[in-house]
Amino acid sequence: MEKQDNHIRVLIAVPGFDGHWRGAMTVTAALRDAGMEVIYVGNQTPEAIAEMAVQEDVDVIGLSIFSAGYMRLISRVLADLKAKRAEHIIVIVGGIILPEHINQLKEMGVAEIFLPGGRTETIINFIRENLEQKMVL
Amino acid sequence: MSSVNEEKEEFRTNSGIPVKECYGPQDINQLDYDRDIGPPGQSPYTRGIYATMYRGRPWSIRQFSGHSTPEETNQWFRQEYEMGQTGFSVAFDVPTESGIDSDDPRAEADVGVGGVAADTIEDFEIIFDGLPIDEVGTSIVAGCPATCQVTAMYFAMAEKRGLDLKRLPGTGGTDLITGMCAEPLMDLIPPHHMLRICVDLIEWCCKVAPRWHPVNIDMYNIRESGVTAYQELAYMFAEIGAYVDEELKRNRLSIDEFAPSFAYNMSMDIDFFEEIAKLRAARRMLSKMMTRKYGAKNPRSYQLRVHVQTGGSTHTRQQPLNNVVRIAYEVLAAALGGTQSLHANAYDEAICLPTEESLKLALRTQQIAQMETKIANVVDPLAGSYYLESLTDALEKEAWDYMSKIEQAGGLVGALDSGWMHREFIKAMVERQKEIESGKRKIVGVNCFVEPDEPYPGKVFHANPETVNIQEAKLKRIRAMRDNGKVQKALDQLRRDLESGANVMPSVMEAVKTYTTMGEISKVWCDVFGIWVPPIH
């Protein structure tokens with residue numbers, strides 16, 4: 001049973017201070033275009049992101065990264081989700097992530113990392129496929 | 001792989017302006033040389049703001065840089081100066097740009113990471129230690145309103161060194177659109193209050209530091225959001241108009257008393273001729289606007305002194321060495337367009353802050369352009385090109401048209417407050433992404449000549465992870481040793497000035513001299529005016 005797109009809820013956030021929002025908004029627009037419900041919250045602390053995601057009952061959190069302090073920021077989001085028993089929420093990350101950190105992030109619980117220069121349909125397909133898998137499980 | 005010739009496509013600039021296969025005299029026969037182009041160094045300045053341009057003075061090689069602690073940034077600046085840089089430009093970390101202290105709990109992951117962390121005047125003394133800031137001007141880029149504290153700290157540092165503020169060269173921040181839309185900062189205040197504070201800074205600097213350019217109308221991040229070349233121009237002139245109107249409303253200074261203090265920053269994107277035409281159109285537009293609308297008589301009010309940065313969003317993560325070529329083309333366009341100052345990105349732009357190696361290559365790219373290509377020998381060498389003059393005209397026309405849309409949306413303040421501007425930016429972002437994904441806009445290595453991803457071959461820059469701890473300890477020490485009574489007195493005065501409408505800068509200056517921090521000053525205007533969040537959903 002495939003989760004209908006208009007039931008897929010995504011929270012898009014920029015953790016920390018970095019103000020670059022083009023990537024986050026481009027993905028937001030593409031996901032909305034694909035029929036998903038997207039809540040764009042802009043810059044938030046990691047704790048606020050986790051809280052909002054739980055409150056909004058989203059399926060996916062998309063974190064947009066431009067700040068090089070991302071390891072701390074992402075790990076705080078994941079830790080907070082764990083504390084809230086919200087690990088069912090899929091966390092995906094996009095932006096400037098160093099190749100050397102990709103495996104570490106996945107081990108921490110990030111489902112996928114989307115590097116610059118990619119296609120938005122890759123993200124859309126990933127979300128659909130992974131939610132479909134979750135439904136099956 | 002079909003060639004461009006075989007595809008039946010419409011040919012347009014990256015802004016969407018249709019271009020013909022070939023241009024001839026008939027395309028510019030409506031132009032009058034004296035009226036529309038003019039010699040360099042004369043209105044309308046299409047050809048350049050100085051008669052001799054680079055023969056008289058080459059463009060400044062000014063790399064926007066900074067990272068980690070003030071000490072490390074000082075070392076970096078010394079290194080850049082030794083490598084041949086001719087102007088300083090400070091990149092602060094985002095907390096500092098927002099006027100937030102390094103020990104603010106929200107800032108932890110971002111301190112020293114995207115730029116240098118600076119909290120008090122002491123940090124400025126360290127950053128600029130041993131550097132000839134009286135001879136070589138500095139550009140200090142901070143978001144508004146943090147630019148007030150940043151400017152004050154820089155000035156107070158200069159005075160402590162015995163420098164005369166009346167002779168101090170350099171440029172400040174204050175770009176409203178950047179901080180409130182293109183790259184929103186934290187702890188913003190409502191747009192009309194922001195404008196008031198920025199104009200306070202302009203007015204104060206005109207008296208106290210007449211060689212200083214407090215206003216840097218900076219379209220770089222606007223363009224990087226995906227807007228077109230003519231939208232970049234339109235936003236620039238809408239912002240210029242907003243500052244001018246606000247100052248003139250106060251009835252204190254005439255146009256010629258403050259307009260010469262303005263400086264301008266633009267992007268240098270990858271459509272070669274369009275970017276050259278853009279700079280030429282910008283000069284002509286400033287000349288027209290200042291003289292016709294505002295009656296300016298002093299040429300320094302309508303000479304567009306511009307710093308340009310090569311467009312980071314045109315560089316790719318894939319096949320990063322390709323960026324060396326892109327940057328070289330953009331440097332060439334900037335020089336042919338007549339910039340006064342130039343930052344060339346490092347080729348690892350899509351991966352990290354510059355390493356020493358990538359910084360050096362960026363500097364050498366500029367030096368090769370200046371020393372070897374001979375393009376600096378002749379002023380505005382492309383003038384008279386049928387294509388370039390047509391394109392300059394077309395961009396100007398599109399820019400004025402789009403500017404009237406901004407006016408209809410309430411001008412700078414109205415368009416920001418309502419979110420109209422943010423929605424326009426979103427349209428542009430989405431449009432650009434569609435162009436790339438459809439292949440309509442070709443990017444080598446991304447949607448053509450794609451290769452499997454390879455590990456990045458170069459060194460990756462890492463900021464000092466101890467910066468936040470170092471700055472926190474420093475702040476503890478400073479708060480303990482300073483006269484906190486004087487700090488409070490200065491902050492109370494600032495509050496009174498904010499509420500009464502008096503110019504805020506004298507009290508900001510007083511505050512920074514007592515080692516008040518960035519954040520302590522920001523807190524006052526946030527308390528008085530409330531925090532404004534950009535209406536982006």
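Reader: Which residues is Ser261(B) in contact with, leaving aside its neighbours within four places in sequence?

Author: In this predicted model, Ser261(B) is in contact with Ile202(B), Cys205(B), Cys206(B), His213(B), Pro214(B) and Val215(B) once those neighbours are left aside, where contact means that the C-beta atoms of two residues, placed from the backbone, lie within 7 Å. Local features need pLDDT of at least 70 and side-chain atom pairs count only at pLDDT 80 or more, while totals for chains, interfaces and linings use all residues. Residues are numbered from 1 along each chain as its sequence is written, and chains are lettered from A and ligands numbered from 1 in the order in which they are written.

Reader: Buried or exposed, Ser261(B)?

Author: Ser261(B) is buried, because 24 other C-beta atoms lie within 10 Å; a residue is called buried if 20 or more other C-beta atoms lie within 10 Å of its own, exposed if 12 or fewer, and partly exposed in between, with C-beta atoms placed from the backbone.

Reader: And where does Ser261(B) lie in chain B?

Author: Ser261(B) sits in the loop that links α11 (255-258) with β8 (262-268) of chain B; helices (H or I, at least four residues) and strands (E, at least two) are DSSP runs, numbered from the N terminus.

Reader: Switching topic, which residues touch the most other members of the largest nonpolar core?

Author: That core has 190 residues, and those touching the most other members are Ile61(A), Cys198(B), Leu233(B), Ala234(B), Ala282(B) and Val508(B). A nonpolar core is a set of buried Ala, Val, Leu, Ile, Met, Phe, Trp, Tyr and Cys residues joined through C-beta atoms within 7 Å.

Reader: Which helix gives the largest share of this core?

Author: Helix α10 (residues 229-249) of chain B does, with twelve residues.

Reader: What is Ala282(B) in contact with, beyond four places in sequence?

Author: Leaving aside its neighbours within four places, Ala282(B) is in contact with Leu233(B), Met236(B), Met266(B), Leu304(B) and Val306(B).

Reader: How much of chain B is buried?

Author: Buried residues account for 54% of the 537 residues in chain B, and the C-alpha trace of that chain spans about 75 × 55 × 50 Å along its principal axes.

Reader: Now the contact with chain A: how many residues does each chain give?

Author: Chain B gives 33 residues and chain A gives 27 residues. On the side of chain B that touches chain A, α17(B) gives the most, with five residues.
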